[in-house]
Amino acid sequence: MDIVLASAVDAIAGFFIKGGIFMIPLLALSVIATTVMLLRGFALRESTVMPAAIEEEVSRLEPGDELSRLSELIHENPSPLSRILLTLLRHLSWPRADNAEAVQTQAHHETARMESGLVILEITTGVAPLLGLLGTLSGLIGIFANVGNGDPMVIARGIAEALNTTIMGLAVAAPSLIAYNYFMRKIEVMSVEMESVTAELLAKCYPNPDQQPSIEPLE
């Protein structure tokens, strides 16, 4: 078992060493991209973004009901949905249209916060293949520069550099592209769901759009 493990480690190390200098930024990009994927995956869990207790409380409320329980849940479950609903509750003294505009502004801020870090995946998707291409060209230059010498080792080294950096570039870019599209789609779906919950609470707080709600705003 130890021999197999040692052989695998040697093969991996050899792969990176043969890839040349462009393997260093590609390896750094892979570490950064993986870190972003893990952090965003943890932060974008549905239970973290949209606590079920708050959604259930909004569904339970009827026009004119007290909002004390909802306020407690909002403070107990900090989340993007909580902050959006808190904005709504703090501006109940405003006309419905003005309150809805304040809520929409807060929702844009929360969406931007959920998207934070994803630009790194987007950059990685474009940069990694280019670094792989640079490594490929560097390897080809080494091959052509030594064709006349007839040294097979030098030529083999150039071929390894060309192929290894190409593989590494694509290996870094592909998961980054998949993760970026997955997270963006997930954020889009959750944003629509948060908008639906917010619209429901807004309708219950302003049953008659032409009148001020009878509920006092939160401090």
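Read from one end of the sequence to the other, this chain follows the pattern α-α-α-α-α-α-α-α-α, with nine helices and zero strands, where helices (H or I, at least four residues) and strands (E, at least two) are DSSP runs numbered from the N terminus. The model is predicted, with local features needing pLDDT of at least 70 and side-chain atom pairs counting only at pLDDT 80 or more, while totals for chains, interfaces and linings use all residues. Residues are numbered from 1 along each chain as its sequence is written, and side-chain values use heavy atoms, leaving out hydrogens and water.

Of the 219 residues in the chain, 34% are buried, that is, under 20% relative accessible area with a 1.4 Å probe, counting protein chains only. Among contacts (heavy atoms within 4.5 Å) with a separation of 6 or more, 79% are between residues 24 or more positions apart.

The axes of helix 4 (residues 52-60) and helix 6 (residues 80-90) come within 9 Å and cross at roughly 35 degrees, the axes being lines fitted to C-alpha atoms over the stretch in contact and the angles running from 0 to 180 degrees between N-to-C directions. Ile54, Glu55 and Val58 in helix 4 meet Leu81, Ser82 and Leu85 in helix 6.

Elsewhere, Ser176 lies in helix 9 (residues 152-205), and Ser176 counts as buried because its relative accessibility is 0%. Apart from its neighbours within four places in sequence, Ser176 is in contact with Ala33, Met37, Leu121, Thr124 and Thr125.

Technical notes:
Buried < 20%, exposed > 50% of the residue type's maximum accessible area, 1.4 Å probe, protein only.
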